[in-house]
Amino acid sequence: MLASTQLLCAQSKRDTPLKEINVKASKPLSNDSKINYFSPGQQVTRLDSATLAAYQFQNLSDLLAQKTPVFIKSYGVNGLATLNIRGSSAAQNQVLWEGVPIQNAALGIADLSTLPVIMMNNVSLVYGGSAALWGSGNVGGALVLENERASFDTNSLHFSLASAAGSYGQTMYSFKTSITSGKWFFSAAYFGQNALNNFWYTGLTGLRHQLTNSKLTGNSGIIQLARQLDDKSSINLSAWYQEYDRQIPPALFESASYKYQQDNSLRLLGQWHKGFNHLHSIYFKSSIIKDDIHYSDAYVQMITQNTCYQYFQEAGWNHKMEKYGMFEFFMPVQISWMNAQNPTVKGNVEQTKTALAGSYAINFYRHKLELAANCRQEWLNNTPNFTSGANASYQFPWWLKLRANIQQTYRAPSLNELYYYPGGNTSLKPEQGWSTDAGYSLNFFLGKLEFKQNTALFYRDIHDWILWLGGAVWTPQNIAEVVSRGAETENKIVYSSGRGKITIGLNTSYVLATTKNSYIPNDGSIGRQIPYSPRYNGQLNLSFETNYFTFCYNETYTGYRFITMDDAQYLPPYQTGNFRISRDFIYVKHGYQRCSFQLSAQVNNIWDQQYQVVAYRPMPGRNFLVGLRLNLHYFTNKI
Amino acid sequence: MAKEYRKILIALLPLFSSGCIKDKPPVPENTLPSGKPDIYIVCEGNYGNGNGTLYAYNSLKDSVYGDLYSSANASQPLGDVFQSMTRIDNHYFLVVNNSNKIVVVDTGTYRQAATISIPQPRYILQTLAGKAYVTTIWSSKVYVINTSSYTVSDTIILPSRNPETICLYNGYALVTSWDTADKYIYKVDIHTDKITDSMAMTGRAPQEILTDKEGLIWVLSGDQPLGKTATLTHLDPSTGAVLDSFTFPSLADPIKPVFNPTNDTLYFIETPFYGGTAYNGIYRMSIYDKALPTTPFIAGVANQYFYALGIDPVDGKIYIGDPRGFVQQGLVYVYRPDGTKISQFQVGLGPGHFYFAAAQ
């Protein structure tokens, strides 16, 4: 019950005389204790299962761009897509899978365009840096991805099969299953996609061109096997493999492109958890990740192969102290390396991050006031680095929750930033600074209307910001102090009746991320907005749902993005509309079996906007996608 | 009911706290020169961002103009990595490396007259009337183009990759090959477009070639970031005999050598891409010196390096381009021949070369 609570509304139908009631129930935001217990004052957006289902044929970059007030920097179709939270750089955000950082160790970033939504059961976005809790790289925030939580002591089978086809040769197919049988749990998911992406776009001269060299083939599969060892312990093994073959289309300033990239990733994870009684538990997780990027450009006869490895392990002990709160000690170790076979490094290179961390959480006044403090002593190779932070929330009255958060934060340079050949800079210092934010959550009812609002104000000051500079040779340098401040809001009004539900959502983001100081002589970037960080960003989401029918409309606005540090060049704002409609056909044989079909259709970029997120990388115009999904559920009583 | 109003009021609070900064930035002013500027600045732009630009400077009026191509061609961008420019007859040939093209513009109006598609072009040199050679990076090809019809007429295949700069000597083109596996320059008959001979340098990766007032050749070789120490070779092109050779310190990365107006003093830049002060600045040496200079004539400071160097053939003023990291508009510093600074002005992204109208 320490977890953040969500309001579940059980409302009366129009023709019943019963007065509507509000039922307050505890539902953990995540499987991760770091979110559930030790981040009461941090803004966390959890994307619910209905939202994930609506984006089952898309990747995380589309989902986040349309549903959260963050900016996704997308280099167009088949290009890199990275996360920008509150004016952060791509490498300043963590992407965690079951608590394991999965950013490419060489690049320090995760490509969201290669992470299909369907692979995950829980997606949470944690705003604001907290390196003490999450470790190096947590400057802007964290994207937390989780698979289905293993459940035991039932016999159940869930199976879904889906397929979609759409414009520009898009075809997608997926299956997802989970089986529980006594002490065993098994789940698997697969997503395959192909696309020609040969859409028409307007070139620099105003003429229409068809995109070339833009084929995509992607396969992603994940399996999870869990065994309950006894009443209080379990072991869980997961394997996630994905491969993407993508042609890189020409930028608008190129007449043709012969670029090709192949990405392969294998992620293996083992987790063990044991509870001793209701007060003590320990856990251990261990993971190894191999990321392989093969890039070639036949036009200039360039071929590069970049393979990097990452080993991560974390052992933790969680202790609840009845009236005196809860603490958790954990020891994460992360080793990243590249060997001499890589042409992009000279010799074997390695980076080790070892840490001792502790978190403490306590609540008062029956969870009205929740406090948490975190600290971490981390050794980056042999260099110590201490970070700490604290956050709190206060629920007063029941419909209003206040939050505050202050955290030290830092990011160690990636392997490429240190060792890339040529250009890597071994004398780079970690980026470090402070991140603070405060805000509130509102949740109340006016008749059949439910109002939800999250508002956050933030301020972040990062020193030794790392930026790649150069012409003939690009070299990362600690160049500046960058200050980000601004506000985010997430607003939702829900009208529910017996017939259905209407939801109006509005997310807004205002980010002023400017260079405060710089080591570069005569630097023209002082006081200027940093590149590719829009000041204004927002989404309007409308939906209408009944038991069988769902209609969703999304309108996304992204403001001016500067291309250069001195704001001399910029891209205009863009606004896209996306529409989705689905119809469910539900067949129930008896109480323990359920079979349903869903037919869906979506129109992306419905107003056919010609736009670029990143300069000279055209984005697709209006396009269509039709999908079909079959769901089977079978379960029995607890055995 | 008062409580409900309070909730709504709180919910509306964000509406009153946003919209602090006007989002729309000022539209940058692009101007065309009213008269004939005497100096053009080739601004590479930021690799992959398609923002190479051509700027001009009128030293008499102390006026800067740019972006010339965009201004004269309906706001069209020039392209990605604007490498070099050369005047041939009444046209400027603008070599846009990563856009794989040469853009031909009128010298008076800067309007586009033609484009020539060539993979990764670097430099262009007129060899005969109606004919020019174009070097390329990543391949071993030198393209022969017809400068009247703007077409590729032939290719010359070098034994190694990255043909770079060219100079003319006695009916031949001497072509460097900036390949770390190579140490030769190649002698090409400009009438037959055939390689007739090669000359060995003392260092690998010959990059830049110049002719001094004695008619002798200076070749700057090396690729410090790729571990090839820079060398400067002084040779007699008539015999291929190496007259002198200078080896730079292993950490020095000399680039963009130019001669003064009398062709007896060689200036070059040393660029510390890692942001230090060692081997950072403009260096110069007489063609009669027997050692490389060890101290800069104009020193760079920490976190700054120079990337363009030109000497006005009329008055000997020194023009230096500071790309400021290639992430913002560059600066050009103007110095007197004695090394005292006169002025500075802002240009496009990544100033890489200067082109002096009087040099044609």
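I count a residue as buried if 20 or more other C-beta atoms lie within 10 Å of its own. The model examined here is predicted.

**Entry 1: strand β4 of chain B.** I applied this cut-off to strand β4 of chain B, residues 82-88, and found the strand mostly covered, with five of its seven residues buried. I then looked for the pairing of β4(B): six bridges join this strand to β5 of chain B, residues 91-96, and the two run antiparallel. Ile88(B) has His91(B) in β5(B) as its bridge partner. I also inspected the turn of this hairpin, where two residues lie between β4(B) and β5(B), and noted that Asp89(B) takes a positive phi near 55°.

**Entry 2: chain B overall.** I recorded two helices and 28 strands for chain B. Of its 360 residues, 48% are buried. I looked up the extent of the C-alpha trace of chain B, which spans about 100 × 50 × 40 Å along its principal axes. I also checked the contacts in chain B between residues at least 6 apart in sequence: 41% of them join residues at least 24 apart.

**Entry 3: a sheet in chain A.** I traced an open sheet of five strands in chain A, in the order β3-β8-β9-β6-β7, and found its pairing to be mixed. Its edge strands are β3 (44-47) and β7 (100-101) of chain A, each of which pairs on one side only. I followed β7(A) to its neighbour: two bridges join it to strand β6 of chain A, residues 93-97, and these strands run antiparallel. Within this pair, Trp97(A) has Val100(A) in β7(A) as its bridge partner.

Terms used. Residues are numbered from 1 along each chain as its sequence is written. Chains are lettered from A and ligands numbered from 1 in the order in which they are written. This is a predicted model: local features need pLDDT of at least 70, side-chain atom pairs count only at pLDDT 80 or more; totals for chains, interfaces and linings use all residues. Two strands pair if DSSP finds at least two bridges between them. Helices (H or I, at least four residues) and strands (E, at least two) are DSSP runs, numbered from the N terminus. A residue is buried if 20 or more other C-beta atoms lie within 10 Å of its own, exposed if 12 or fewer, and partly exposed in between; C-beta atoms are placed from the backbone. Two residues are in contact if their C-beta atoms, placed from the backbone, lie within 7 Å.
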